[in-house]
Amino acid sequence: MILTLAISIFATFLGCFIIVPIIFWALRLFGVYAVVDEGRCYVYVLFGKVVAIINEPGLHLLLFELGLKAPIVRWLGKLYVLDMRFDQQYLRSQPVNSEEGAPMGIGIWYEMFVSDPVAFLFKNADPRGSLAANVSNSTVRCLSNMKLADMLQTRHAMSLTVRTEVSPQSHEWGYKLGSVYIRKVHFRDAQMIRQIEEKVVNRLRQVTSSIKQDGANQVNIITSTAERQAAAEFAKAAAMRPRIVGEALNRVAADPDVEAAMFEILEVQRIVDSKAKITLIPEGAGLLPELLAARGGDAPAPALPRTK
């Protein structure tokens, strides 16, 4: 029983992985059927003529597609397998000149796909290279002598111009142009780039200096205005003070007793604020006042002789 199971397993493996693939390979070799992948196109050529074009994905029985030519097309003819999916290419730094004479470089990105398999195979030996040359020539022809500002800003319009120019010509070779986009616009002259950088730096410095000077002028104007207004207010205050003091003194002078008391208080206050020394001399001091005056107020008083 184990031997029978082993033989069954071996027979199943041999049939599924060796015999069946060989049978299907032989059927495809003799043109019984063909499996077309997604995005692929099969072109069958027999005796220099295209006998069938199959671009629908799936399983195809060649007897219904080619008729009696199916068994011999793989032996006496040729099969071309084309990729029908979108492809992309980028052309770097296409040389153009602006209206001002500046040497510019334009990088253009575009899509393309096979639109006519027969024309793609037999009308042009290198349709991809021809399309790249066509795009490059159209870019140089259509975008030269544009104003520099327009060249740096209107990329969408430039892309539409190049696409409109290229599409009808490329379709003749079976290669159709898709989207076109101007990706990069740059200067090609290194010395011009350095000069532009220097001009930009100098301009930034001028703008910065102008902004600083304008700010300083504004600050000076504000300061001068504030000082002028403050001086006017201080002058008004200085003029009002004598008037207020005079009015107060007039009201005080109306009463003689109040006036005498006020001036006496002011005199005492001035004496106190002056921090002067006061010497009190009793009555009947004799020569003591003359001695103090002769001392000058700072020297110590002379010793008086004692009387017996």
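**View 1. Thr139 and the residues it touches.** Setting aside neighbours within four places in sequence, Thr139 is in contact with Gln94, Val96, Ile106, Ile108, Ser144 and Val162, where contact means heavy atoms within 4.5 Å. Thr139 belongs to helix α5 (residues 127-143); helices (H or I, at least four residues) and strands (E, at least two) are DSSP runs, numbered from the N terminus. Thr139 has 0% relative accessibility and so counts as buried, a word used for under 20% relative accessible area, with exposed for over 50% and partly exposed in between (1.4 Å probe, protein chains only). Keep in mind that this is a predicted model, where local features need pLDDT of at least 70 and side-chain atom pairs count only at pLDDT 80 or more, while totals for chains, interfaces and linings use all residues. Residues are numbered from 1 along each chain as its sequence is written, and side-chain values use heavy atoms, with hydrogens and water left out.

View 2. Strand β7 (residues 103-114) and β8 run antiparallel and are joined by 10 bridges; for Gly105, the bridge partner in β8 is His186. Axes here are lines fitted to C-alpha atoms, for helices over the stretch in contact, and angles run from 0 to 180 degrees between N-to-C directions.

**View 3. Aromatic rings.** The structure holds 4 aromatic pairs. Rings of Phe, Tyr and Trp (its six-membered ring) pair if their centres lie within 6.5 Å; planes under 30 degrees apart count as stacked, over 60 as edge-to-face and the rest as tilted. Tyr42 and Tyr44 make an edge-to-face pair, 6.5 Å centre to centre with 70° between the planes, and both of these tyrosines are buried. Phe120 and Tyr175 have ring centres 5.3 Å apart and planes at 50°, so this pair is tilted. Since Phe120 lies in helix α4 (residues 117-122) and Tyr175 in strand β8 (residues 175-187), the pair ties together parts that are 55 residues apart in sequence. Phe120 counts as buried at 19% relative accessibility, and Tyr175 counts as buried at 6%.

**View 4. The β2-β3 hairpin and its Phe47.** Strand β2 (residues 40-46) and strand β3 (residues 49-54) run antiparallel, joined by 5 bridges. Val45 has Val50 as its bridge partner in β3. There are 2 residues between the strands of this hairpin, and Phe47 lies in that loop between β2 and β3. Phe47 has a positive phi of about 55° although it is not a glycine, and at 63% relative accessibility Phe47 counts as exposed.

**View 5. Where α8 meets α9.** The axes of helix α8 (residues 190-253) and helix α9 (residues 256-273) come within 7 Å and cross at roughly 120°. The two helices, α8 and α9, are therefore oblique to each other: angles under 35 degrees count as roughly parallel, over 145 as roughly antiparallel, 65 to 115 as roughly perpendicular and the rest as oblique. Leu249, Val252 and Ala253 in α8 meet Pro256, Val258, Glu259 and Met262 in α9.

Methods:
Pairing = 2+ DSSP bridges.
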